[in-house]
Amino acid sequence: MDSLILASLVLPVFGAAGILLAGRWPNLRESVTIVTAVATFACVVQLVEPVLAGSQPGVRLFELFSGLPVAFRVEPLGMIFALVASGLWIVSSIYSIGYMRGNGEHDQTRFYVCFALSIAAALGIAFSANLLTLFLFYEILTLITYPLVTHSRTEKAKRGGRVYLAILMGTSMLFLLPAIIYTWHVAGTTDFRVGGILPATLTPGALTALLALYMFGIGKAALMPFHRWLPAAMVAPTPVSALLHAVAVVKAGVFSVVKVVAYVFGAGVLAGQTGWLIAVAAFTILAASIVALRADNFKRRLAYSTVSQLSYIVLAAVVLTPLSTVGAALHIVSHALGKITLFFTAGAIYTAAHQTEISQFDGIGRRMPWTMTAFTIGSLSIIGIPPFVGFVSKWYILSGALSAGMLQVAAVFLLSTLLNAAYLLPIVHRAFFREPVHDDHHGEHGEAPPFMVIAVCLTAAGTLAVALFPDVLVGLAQRIVSGGGV
Amino acid sequence: MLAHFTNVITVFLMVAGLFIITARGNLIKKLVGLSLFQTSVYLLYISPGKLIGGTAPILSPAFTVYSNPLPHVLILTAIVVGVATLALGLALTVRIREAYGSIEEDEILALDHSVEDDEARESH
Amino acid sequence: MALAQHLPALQVILPLISAPLAILFRRAGPAFLIVTAAAWLSFAIAIALFLQVDASGLISYPMGNWQPPWGIEYRLDRLNSFMLVLVSGMAAVVLPYARGSIEREIPHESHYMFYAMLGLCLTGLLGIVITGDAFNLFVFLEVSSLSTYVLIAMGRDRRALTAAYQYLIMGSIGATFIVIGIGFLYLMTGTLNLADMVPRVAVIESSRPGLAALAFISVGVSLKVALFPLHQWLPNAYTYAPSSVSAFLAATATKVALYALIRFYFTVFGDSFVFGKLPLPEFMLILSLFAMLFANAIAIFQDNLKRLFAYSSVGQIGYITLGLSFDSVHGVGASIMHLFNHGVAKGAIFLLIGGAVARMTTRQAAPPAPTFERIAGLSKAMPLTCFGVVLGGLSLIGVPGTAGFVSKWYLVLAAMEKGQWWLVGAILVSSLLAVAYVWRFVEAAYFRAPPAGRETGKEAPFALLIPGWLLILATLWFGLDTSFTAGAALDAAQQLVHSGN
Amino acid sequence: MRDDLVLRVVGRLLIPAILLFALYVQFHGDFGPGGGFQAGVMAAAGIVFYSLIHGLVTTRRIVPDWAVETMVAAGVLIYASVGLAGILLGGHYLDYSVLSSDPIHGQHRGIFWVEVGVAVTVCGVMLKIYYMFASRGGAED
C-alpha cells in the first residue's frame, strides 16, 4: 500500500525524466507521457478499494522539523482529487499531442516535463497527511506551472506570469505560511484529523483571523479579491488551461480549503463563525459570473466561470453540513469534467479555426459538430441539468444548504445557475443556429485534429458516465463525513 | 594622574584618527588617519600595564613589583598587524594611482561613475 | 589514535602551513594541489570534530600545553563545530572551482599567490571560529581580513582596487574597535580566555568600561558583519572580486563575523544582560528590519547580478540578526541555521554566475560585468547554470523544499512566540522582495532575447558548473533533511540562550 | 645612481656591523631585550641601506625577489614545524617541553627555532614591502 502511494507520486517524476531523455524523438516522448499517465492512474485506482473500505493507508518520509514530517495519508477526499487529476491527465495528454502538434508549438519537451511534474505535485497535495506537506507541494505546483503559463515566452506571457506568480506566491507566503506556522505553534501538530486540531482555548477573534489567513492564503481557490491570477494564466497553451487551470491547480486550491475546513478547524469549532466567508464566496460566485457574462474572449469567459464555480465548492465546504461537504467533494469532480471539456473545445477551435473570441463563433458548430456537441454537453453539466454530473453535485450542495436552513445560500446557487446558463448557452446558440460568417483570412476549416476530438468526446462522455454510475465517488465522498475510520 | 594623561592622549589620537579617515579624501591621508587610530589602541593597552616603580617581569629576589608583560606582547602583535595593514593599504594606493591616475577619492568616484554610465549606455 | 586529540590544532594549522608552502613552490599547479588538499583535509577534520562534539560534548585543546586560562585554548562546542563545517566545506568546494575560474581573471604568474591567500583566509576564518581566546580571535580576524583584501584586489576590474581599499579602511576600523573592546574587557577582568571571562564579566558588565567594551565590540563586529547601515563596503567587494572569492566571502566571511557576534553576546556577556537589561534587542531589531526591507528593495533595482546578490546578502544578514534579537531558542536557532543555509545558497549562486561570466570572457579583455543586458536570454545557452541560480534564488526566497524555508519557518515561529505579528509580516514581505529580484533574473534569462553578438550555445565549463551545483543540491538536501542543520543549530541555541524565555 | 665615495665607504663599514648586531639581538633574545622580530627588522634595514647606496637593481641581484618570498614562507613554515614537532613528540601543538629530554632545555630549543622563524619572516616581509614600493613609478634605474 505504501509503495502504491509512493509509486503514484514518483511515477510522474520518472516520467518527466523519461520525457526529457526522449526529447529528441517526439513519438517516443509522447508515448512515454501517455504510458506514465496510464501507469499513474492505475496506481491511484488501486488505492480506491481500501479507502472505500475505510482504511487510510499512509507513509511517513523524513522529518522536516522535529515532530513534523513530510508524510502522506490517503483519505477519501484526497482520493477523489487524485482520481480526477491522474485520470484526466491521460485524456489531456492525448489532447496535448493534437494541440501541440497542430499549433506547431516550440519547446514541447519542456512542456511535457513540466506537465508531468505538475501532476506529481498535485498528487502530493492530494495525499498530504499534514499542512506542511500540503504547503510543500502547493508551492512546488505554483513554481512548476509557471513555465507552462509562460510557455509562449511573449511579453504578454511574461506579464501574465507575473500576475500569476505574484498572487499565488504572495498569498501563500503572506497568509498561508503564517497560518500554518501559527497552527503548529498553538496546536503542536499540523496533521489533518477529522474534527480539527485547533485547541479549544483559541479566542473567536484569533479563530476568525486564522480562518481568513487560510482562506485568502490558499490563493489557488481564487476567492475574490485574489482571483486575478486565473484569467492571467489563460495566456498558457490550452491543454495547460484545461488540465491545470480547470482541474489540477484550482482544484488543489479548493481541495486545500475543504481539507483545512474539515480537518484543521472541524465543523464544531467553526459553527457560527463563517458568516463573512459565506458572504465572500457568494459574492465571488455572482460577481465572477457577471464578469464572465461580459467577456468576449472565450478562455477569459471560461476562466471567470471557473472562479465562480470554485467558490461553489468553498461555499459548500463552509456551510458545514454533511450533505454539503459531500456536495463539495462531488463538485470537484463534476466541475473538473465539465470545465475540462469546455477548455478542450476552446483549444480545438483555436487549432482548427484560429478563433479566440466568442463573437467569431457564428455557425462554427456546423463545421465542428463533434467538438461543439461536446461543448453543449459540458455546458449543460456545468449549468447543472440532469442527467449530467453537474446536477448530482449541485443537488447535494443545495440539499446541504437547505438542511442547514440557509435559504440565502440556496438562493445564490439558483441565481448563479441562471447566470451559468446565460453565459454558456448563447455560445451554443451562436455555434449551431447562426449563419457562418465567411472571411477570407482563415478560409474553410473542418474538425480539429483527431487526437483532440477524441479527448473532447471522452470528457463529455465522462460527465454523463459519472452521473449514471456515481457509486464509487459518492461512496468516497460519504466516507469523508462518516469519518473514514480514523 | 599619569593614567589620566595617557587616557586623554589615547582618546585624542583615536578621535583624530577617525576624523582624518572620514574627513580626508586623499587615500594616503586616510591611511595616516587609520594608523593614528590604531596607535591609540597601543597606548590604551600599554599604559595600564605599566606600574610606576615596577620593573621588567624578570624574576629576581631584588624586586617585588613587576609590570604586566602581557599587554606588551599583545600590542607587539597588534603592531605587526597594523604594519601589515598599512603596507597593504599603501600598496593598494600605489596600484590605484596606476589604474586611475589619482589618489583623491572624489576624482576616483567620478571616474567610476563615468565608466558606469558608459556601461549603461553600451547596453541600451 | 593519538592524532585524533590534536584535530583542533590541525584544523587551523593545515591551511596555515599550506599557504607558505604554496608560496615556496611559486607555481600554480603545486600551489593549487597543496591548498586544496589542506582545505579538504580540514573539511574532513571539521566533520570529525563535529561528530566528536556531537558525541561527547565540549572539546578543549590547550595550545603549547599552556593550560587555560593562561594559555591560548581552542574550544569547541556545538556552535563553532557547526561553523567549522560550513567554513571548511565552502573552502573545499570553492578551491577546485577557483582553478578553472581564475584562469581568465588573474594573471597566471600570480596564481600561486591567490591560492596562498585563500589558504590564509581560510586559516583566519577557521581560527576565529575555533579559538577560545579573545585576543587570538582578533589576530585571526586580521589574518583573514588582510588576505581578503588582497584577494578582492586581485579582481580584473580596476574598481576591485577601490573596493579592496574601502573594505580595508572599514575592516580595519572594525577590527580596531573590536580590539579596543577586548582591551577594556581584559583591563576589567584580567583574562583573555573567553570562557574564563564569563563569570568575571558578569560582575563588571554594568560598569562603564563594561558597557564601553560591549559598545565597541558591537560596532566593530557589526562592521565586519555588514549589518545595515554598516554594509557599505560589501556590495563593491562582492561585485568586483574574482568569482570564486565572491562566493567564498559571501558564504563564510560575514557568517564568521556573525559567529563572533553571537559568541560575545551570548557567551561572554550573556544574553540575559545584553538582551534583558539593555535596549539592544530593540536597536538590533530595527536595524535588522531596515536591512531586510531596504537592502532587499535596493537589490531589486541593481543592474549587475553580482551586486544584486550582494545587496541580497545584506538583507539576509538582517534575517540572522533579527533572529538573534529575539533571544529565544527558536530565534537564535533560526539565525544559526540561516548562517549555514544562506551561506550555501549564496555561495552556489555566486559560483554559478561566475561560471557564466567565465564563459562570456575572452582571454584578452577583463571579465564583463554580469548585467541584465548581458545575461538576457542566457537560459538557451546555459540552461543548467540558469536553472541552478533559480533554485538558489528559491532558497533565498524561502520556498519549501529548499534550505531557506527551514530557517524562515523557525524565524516566523520565533516571532510568533514573541507575539510580534507585525514582525511576521515584515519577514514575509521581505521574502516577497526576494521573489522580485529572483524573478528579475528569471525574466531576463528566460524571456528576453539574447543581445546581438553574444556567442550562444555553450554551457558554462563543467569544472565551474559542478561545484555550484553541488551546493545547490546541498541546499535542496538541507531543505528536506534538516537533522544536521536544524539539529545542530537548535542544540547550539539551547546552550546559548539562558534568559529562560 | 650617483657614485658617492663617502656613502660607499660608510656603507661597507656599517652594513656588516648592522647584520652582525642583528644576529646578536637574535641570539641574545633569550636573556635580554631582543628576539627575532627586532633582529629581522635590523637585518632588513641593513639590506635596505645597501640598496640605498648601490641601487635597487644590484640589491635585487644579491637578494632576488624569489628569495624574499621564500624567506617569508620559510619563516612561517619553521614556526609551524616547531609546533608540529611538539605533536609528533607526543605533546600538544607548540608544546616546547617535549622537544628535548629536559623540559627547560626543550623550552629553549623551541623558543630558539620559533625566533628564527620570526626573524626570517620579518626580514622577508620588510624587504618585500621595500621592493614593492621602491620598484614602482620608474624609480628603478
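A residue counts as buried here if 20 or more other C-beta atoms lie within 10 Å of its own. Keep that cut-off in mind. Leu320 of chain A has 23 C-beta neighbours inside 10 Å, so Leu320(A) counts as buried. One caution before we go on: this is a predicted model.

Let's stay with Leu320(A). Where does Leu320(A) sit? In the loop between α12 (298-319) and α13 (322-353) of chain A. Its backbone deserves a look. Leu320(A) is not a glycine, yet its phi is positive, at about 70 degrees. Most residues other than glycine have a negative phi.

Chain A gives us another case. Ala222(A) has a phi near 60 degrees, again a positive value in a residue other than glycine. The loop between α7 (204-217) and α8 (229-232) of chain A holds Ala222(A). Is Ala222(A) buried or exposed? Buried, because it has 30 C-beta neighbours inside 10 Å.

Now peptide bonds. Most peptide bonds are trans. In chain A, the bond from Pro386(A) to Pro387(A) is cis, with omega near 10 degrees. Pro387(A) lies in the loop between α15 (369-383) and α16 of chain A. Chain C has a cis bond too, from Phe228(C) to Pro229(C), with omega near 0 degrees. Look for Pro229(C) in the loop between α8 (208-225) and α9 (233-240) of chain C.

How confident is the prediction for chain A? Mean pLDDT is 85, and 98% of the residues of chain A reach 70 or more. Within chain A, helix α10 (residues 267-270) has the lowest confidence, a mean of 76. Helix α5 (residues 131-149) has the highest, at 91.

On to helix packing in chain A. Take α16 (residues 389-403) and α18 (residues 450-468). Their axes come within 7 Å and cross at roughly 50 degrees. That angle makes α16(A) oblique to α18(A). From α16(A), the contact uses Val389(A), Phe391(A) and Val392(A). From α18(A), it uses Thr463(A), Val466(A) and Ala467(A). Five of these residues are nonpolar, one is polar and none is charged.

Next, α3 (residues 76-102) and α19 (residues 471-482) of chain A. They pack at an angle of about 145 degrees, with axes 7 Å apart. α3(A) brings Pro76(A), Leu77(A), Met79(A) and Ile80(A). α19(A) brings Leu473(A), Leu476(A), Ala477(A), Arg479(A) and Ile480(A). That contact divides into eight nonpolar residues, no polar and one charged.

Now between chains. Which of the four pairs of chains in contact shares the most contacts? Chains B and C. There, 27 residues of chain B are in contact with 25 residues of chain C. On the chain B side, α2 (27-49), α3 (70-100) and α4 (105-123) each supply at least two residues. The largest share, 13 residues, comes from α3(B). By type, that side of chain B divides into 18 nonpolar, five polar and four charged residues.

Chain D also touches chain C. Here 17 residues of chain D meet 14 residues of chain C. The chain D side has ten nonpolar, five polar and two charged residues.

Some pairs do not touch. No contact joins chains A and B, and their closest C-alpha atoms lie 18 Å apart. Chains A and D do not touch either, with nearest C-alpha atoms 40 Å apart.

Last, chain D itself. Chain D has five helices and zero strands. Its C-alpha atoms fill a box of roughly 60 × 30 × 20 Å along the principal axes. Of its 141 residues, 39% count as buried. Among contacts in chain D between residues at least 6 apart in sequence, 64% join residues at least 24 apart.

Definitions and conventions: Residues numbered from 1 in each chain as written. Chains lettered and ligands numbered in written order. Predicted model: local features only at pLDDT ≥ 70, side-chain atom pairs only at ≥ 80, totals over all residues. Contact = placed C-beta atoms within 7 Å. Helix = DSSP H or I, 4+ residues; strand = E, 2+ residues; numbered from the N terminus. Nonpolar A, V, L, I, M, F, W, Y, C, P; charged D, E, K, R; others polar. Axes fitted to C-alpha atoms, helices over the stretch in contact; angles between N-to-C directions. Parallel < 35°, antiparallel > 145°, perpendicular 65-115°, else oblique. pLDDT = per-residue confidence, 0-100. Buried ≥ 20, exposed ≤ 12 C-beta atoms within 10 Å, placed from the backbone.
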